[in-house]
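Here is a short briefing to read beside the model. Have the sequence and the 3D view open as you go.

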Amino acid sequence: MKIRRGLGLVAVLALAACGWIPHFGKNKAPPQQEVPQQQVLMKSLSGEVEYSLAQPLPPNAYLEVVLSDVSRQDAPARVIAKERISPVGASPVTFVLSYEPKDLGDGVDFAVSAHIEQDGQLLAFNDTRISVLGRSGNNGPVRIALAAAH
């Protein structure tokens with residue numbers, strides 16, 4: 001008898017819980033939340049930075065990864081996105097550069113670069129150009145190797 005009452009109570013609670021489940025009708029999807037337009041337009045470029053230095057990095061060193069428009073040979077590169085990572089951590093270090101496609105403008109040549117710095121002193125940098133996006137077709141993930149500055 002007690003088992004029947006227990007099962008009956010469980011059945012009543014289960015049916016009551018069904019009243020809390022939203023019903024959307026047959027073949028109807030739940031209403032979608034609006035995503036802010038900025039989130040829809042943002043894109044990202046991700047990758048890893050590898051480094052090997054003779055000395056351990058000081059705790060106040062930081063890694064900076066930059067996405068630039070390098071389309072114009074006669075002008076400085078235009079920075080599109082930048083990420084500063086501190087503390088740097090062990091190699092390889094992952095990064096994600098977020099940008100809006102409209103910020104690419106009319107550019108066709110883009111490059112990503114990275115360097116490690118401490119108190120204004122350059123400790124490591126990439127010494128080869130790494131073309132991304134645009135004409136290169138490289139949408140990531142990107143691998144950047146840093147060389148010691150000394």
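Let's begin with Tyr 99, which counts as buried at 6% relative accessibility (buried means under 20% relative accessible area, exposed over 50%, partly exposed in between, with a 1.4 Å probe and protein chains only). This is a predicted model, in which local features need pLDDT of at least 70, side-chain atom pairs count only at pLDDT 80 or more, and totals for chains, interfaces and linings use all residues. Residues are numbered from 1 along each chain as its sequence is written, and side-chain values use heavy atoms, with hydrogens and water left out.

**Tyr 99 and its surroundings**

- Tyr 99 sits in strand 4; helices (H or I, at least four residues) and strands (E, at least two) are DSSP runs, numbered from the N terminus.
- What does Tyr 99 touch, leaving aside residues up to four places away in sequence? Its contacts (heavy atoms within 4.5 Å) are Leu 41, Met 42, Lys 43, Ser 44, Leu 45, Leu 67, Ile 80, Ala 81, Leu 104 and Leu 133.
- Lys 43 lies 56 residues from Tyr 99 in sequence, yet their C-alpha atoms are 5.4 Å apart in space.

**The chain as a whole**

- The chain holds two helices and nine strands, and along the sequence the pattern reads α-α-β-β-β-β-β-β-β-β-β.
- Of its 150 residues, 29% count as buried.
- Take the contacts between residues at least 6 apart in sequence: 64% of them join residues at least 24 apart.
- The accessible surface of the chain is about 10,700 Å², and carbon and sulfur atoms account for 55% of that surface (areas come from the Shrake-Rupley method with a 1.4 Å probe; for residues, only the protein chains shown count as cover).

- Three strands form an open sheet in the order 4-1-8, with mixed pairing (two strands pair if DSSP finds at least two bridges between them).
- Why is one side of strand 4 (93-99) and of strand 8 (142-145) left without a neighbour in the sheet? Both strands stand at the edges, and each has a single partner strand.
- From one strand to the next, the twist averages 30° (axes are lines fitted to C-alpha atoms, for helices over the stretch in contact, and angles run from 0 to 180 degrees between N-to-C directions).
- Strand 1 (residues 43-50) and strand 8 run parallel and are joined by four bridges.
- Across from Glu 48 stands Arg 143 of strand 8.

**The nonpolar core**

- The largest nonpolar core has 28 residues, of which Leu 63, Leu 67 and Ile 144 touch the most other members (a core is a set of buried Ala, Val, Leu, Ile, Met, Phe, Trp, Tyr and Cys residues joined through side-chain atoms within 4.5 Å).
- Strands 1, 2 (62-69), 3, 4, 5, 6, 7 and 8 each supply at least two residues of this core.
- Leu 67 has contacts that include Leu 45, Ile 80, Leu 97, Tyr 99, Phe 110, Val 132 and Leu 133.

**Backbone features in the loops**

- Asp 119, in the loop between strand 5 (110-118) and strand 6 (121-125), has a positive phi near 50° without being a glycine.
- Leu 133, in the loop between strand 7 (130-132) and strand 8, is not a glycine either and has a positive phi of about 50°.
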